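Subject: Structure handover

Hello,

Please find the structure below. My notes on it follow.

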Amino acid sequence: MTASAPESNETRHSITNNVSYLYQVYCSYIILFRNTEKKQDFLPLDLLQKSLRVLVRKYYQPVAGWFDINGDEIDVVYSTEKFNDPPFSSQTLSMDYSTLTQHVHESNTELLVPKFPSGIITKENTDIPMFLAKATYVDDGSAVVLGVTYHHSLMDGSALWMFMSNWASVSRQLSVQGDQVDFDLPFPPTFGFPSIDHMRDASQSFDHIEYAIVDAKDCAREFQPGAEPIVETIFTISVEQQLEIRGMARDHGVSFTEMLCAIFWKGISEVKLRAKPDIGQAKSLFTCAVNPRGKLDLSNTLCASPVINMAAWETVAAVSEYDVGCVAQLVNQSLNKCMGAYLASSFEFILAQRKRELEDERNRTVDKKSMLVYVLPMEAKCTVSSSRTFPIYETDFGFGRPEYVRPPFLPFDGCLRIWPTPRYSCKPGADGAPLEIYLSQPESLDLASSPLLRQFMH
């Protein structure tokens with residue numbers, strides 16, 4: 001949607017016509033920078049704060065804006081005369097590099113990530129920062145950790161890491177050239193979400209199993225931890241194993257990511273069935289966050305959040321018994337549904353649900369609400385997001401690339417993240433490097449009981 005300026009100093013971007021209406025959550029990352037050259041003034045706080053402020057005020061004004069609810073519409077509002085600058089906190093800890101690194105690897109978000117409010121946008125909760133940062137220094141100067149948090153309705157992962165690259169670029173230029181009028185950015189920032197009305201096809205109807213309509217009291221638009229403690233296992237996919245998976249993918253006519261998803265969906269189902277043999281006929285759910293920018297003809301540099309979750313399900317027994325190629329076909333079929341007409345239908349479905357909920361709220365008769373199906377409790381589920389193609393390790397503020405970037409531990413059953421290691425690159429011809437898989441599962445499960453999963457455990 002094109003930005004409009006009803007007043008000379010105020011601009012609005014609607015996020016209502018955005019699938020991420022249901023993504024009213026915060027996402028965080030922990031970025032570790034090591035001071036290998038023992039520089040005296042390593043990643044100074046004033047430079048980080050100033051470069052962020054310059055970037056946001058000059059190029060990313062919506063990030064310095066606020067939410068406004070007008071009837072059925074949710075807008076991001078910003079003004080050239082009033083800036084809601086991102087909160088930026090800092091701390092200095094008495095610990096050495098190895099101790100700090102341990103906190104990073106253990107995903108100590110309480111220590112390293114800025115505190116943030118609920119991401120749910122309501123008339124009572126519109127003071128929601130779009131972006132927050134926290135710099136952690138250690139008194140021996142050996143490293144700096146940058147914790148960042150962003151609101152998912154404004155940016156997806158792709159937009160966030162381009163924002164980070166642009167922030168780092170402004171920092172480098174300020175440290176070398178000082179204040180200046182314009183900066184060279186690696187990614188041109190643009191905003192909005194264009195209409196997809198032309199993609200609608202009234203002759204087609206779809207069953208949007210990626211969403212669920214539930215009793216209002218059971219609606220959870222943010223993950224709700226279950227009764228059993230959830231732990232995280234980190235799997236490593238070696239270069240050799242990646243080559244093997246790529247070969248399997250070619251043999252079955254699917255992509256590398258689809259085959260990788262199939263391996264883990266099948267492995268999770270096997271482990272769940274082995275632990276509870278009576279759940280064979282229960283649902284095993286696969287969902288995957290898909291970035292449909294290509295199908296929507298959206299630039300990768302557009303600061304928006306067009307992510308949609310595609311879903312598939314079978315019985316736990318069926319997924320366990322199918323060979324991995326058959327499971328890969330199920331994954332492939334679910335992701336291939338993400339075409340223009342399906343996307344337009346999904347938008348229409350979400351907007352219709354929102355209007356109904358708002359009408360119910362006005363009439364004080366709220367009984368049903370919509371939510372993403374992967375938040376529902378289920379006997380087996382594999383909820384995938386992949387960040388392996390993002391420029392995560394290109395975030396150089398002028399003091400070197402990150403030593404390690406950690407996606408925070410999410411204590412929710414079946415949450416699976418595909419994550420690059422520091423040397424990983426998906427560019428053609430790039431040298432190989434391992435991939436990491438972060439999987440959250442109940443503590444009692446023996447993941448090694450699945451041969452599919454055991455091969456990646458070290």
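**Notes on the structure**

Thr233 has Leu439, in strand 19, as its bridge partner. Strands here are DSSP runs of E with at least two residues, helices are DSSP runs of H or I with at least four, and both are numbered from the N terminus. Eight bridges join strand 11 to strand 19 (residues 435–442), and the two run antiparallel.

This is a predicted model: local features need pLDDT of at least 70 and side-chain atom pairs count only at pLDDT 80 or more, while totals for chains, interfaces and linings use all residues. Residues are numbered from 1 along each chain as its sequence is written, and side-chain values use heavy atoms, with hydrogens and water left out.

Six strands make up an open sheet with mixed pairing, in the order 11-19-18-16-12-14; two strands pair if DSSP finds at least two bridges between them. At the edges are strand 11 (230–237) and strand 14 (308–315), each pairing on one side only. From one strand to the next the twist averages 20°, with axes as lines fitted to C-alpha atoms (for helices over the stretch in contact) and angles from 0 to 180 degrees between N-to-C directions.

**Aromatic rings**

The whole structure holds 16 aromatic pairs. Rings of Phe, Tyr and Trp (its six-membered ring) pair if their centres lie within 6.5 Å; planes under 30 degrees apart count as stacked, over 60 as edge-to-face and the rest as tilted. The Tyr26 and Phe116 rings are tilted, because their planes are at 50°, with the centres 4.9 Å apart. This pair links distant parts of the chain, 90 residues apart: Tyr26 is in strand 3 (residues 26–34) and Phe116 in the loop between helix 3 (109–112) and strand 7 (131–138).

Tyr26 counts as buried at 10% relative accessibility, whereas Phe116, at 39%, counts as partly exposed. The cut-offs are under 20% relative accessible area for buried, over 50% for exposed, and partly exposed in between (1.4 Å probe, protein chains only).

One aromatic cluster consists of Phe33, Tyr60, Phe88, Phe131, Phe163, Trp167 and Phe397.

**Charges over rings**

Arg34 lies over the face of Tyr97, 4.1 Å from the ring centre. The charged end of Lys283 is over the ring of Trp313, at 4.4 Å from its centre. The criterion is NZ of Lys or CZ of Arg within 6 Å of the ring centre and within 35 degrees of the ring normal.

**Leu132**

Leu132, in strand 7, is buried at 4% relative accessibility. Beyond its neighbours within four places in sequence, its contacts (heavy atoms within 4.5 Å) include Tyr26 and Phe116.

Regards
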